Amino acid sequence: MSISEPRLSGRQQLAAISRSMAGLQREHYGRESTKVNAYAVKDMIVVVVRSKHLTPLEKSMVDGGEPERVLALRAEFARVMAGRYTHTVEQVTGRTVVALLSQAHVDPDIIVEAFFLD
């Protein structure tokens with residue numbers, strides 16, 4: 001079943017969003033995420049990405065005492081990827097994303113994407 005089919009149940013939609021976000025992480029970060037979970041909270045979809053390790057570039061920056069630069073890099077990456085992330089959620093849910101908030105944390109390695117729906 002394609003993720004764009006509107007017949008997906010709520011759980012199936014969340015699973016499809018999780019798989020798609022994991023694929024985007026793998027494709028653009030060049031690494032597997034440990035765990036990607038999507039949650040529905042009223043008019044919001046929250047995606048939590050947990051990774052086993054930083055990328056080699058990120059680890060070098062953190063080891064060099066620059067964790068805030070890793071966070072800034074991730075914020076910029078999230079801004080660049082916002083259209084792809086939003087398209088995924090809209091395609092799966094059939095609803096319009098009116099806002100996307102992104103937040104990252106270095107230790108532990110967690111990224112949160114909150115999509116607000118119409």
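My entries follow, starting with confidence.

**Ground rules.** I am reading a predicted model, where local features need pLDDT of at least 70, side-chain atom pairs count only at pLDDT 80 or more, and totals for chains, interfaces and linings use all residues. Residues are numbered from 1 along each chain as its sequence is written, and side-chain values use heavy atoms, with hydrogens and water left out.

**Confidence.** I looked up pLDDT (the predictor's confidence in each residue, from 0 to 100): the chain averages 89, and 92% of the residues score at least 70. Residues 1-5 fall below 50, and this stretch has 7 contacts beyond near neighbours in sequence (contact: heavy atoms within 4.5 Å).

**Loops.** I numbered helices (H or I, at least four residues) and strands (E, at least two) as DSSP runs from the N terminus. Lys-42 sits in the loop between strand 1 (35-41) and strand 2 (44-50). Its phi is positive, about 50 degrees, though Lys-42 is not a glycine. I found a cis peptide bond between Asp-107 and Pro-108, with omega about 10 degrees; Pro-108 lies in the loop between strand 3 (97-105) and strand 4 (110-117).

**Helix 3.** Where is the kink centred in helix 3? I traced it to Met-81, at about 55 degrees, within residues 67-93; the bend is the angle between axes fitted to the seven residues ending there and the seven starting there. Gly-94 follows helix 3 with a positive phi near 75 degrees.
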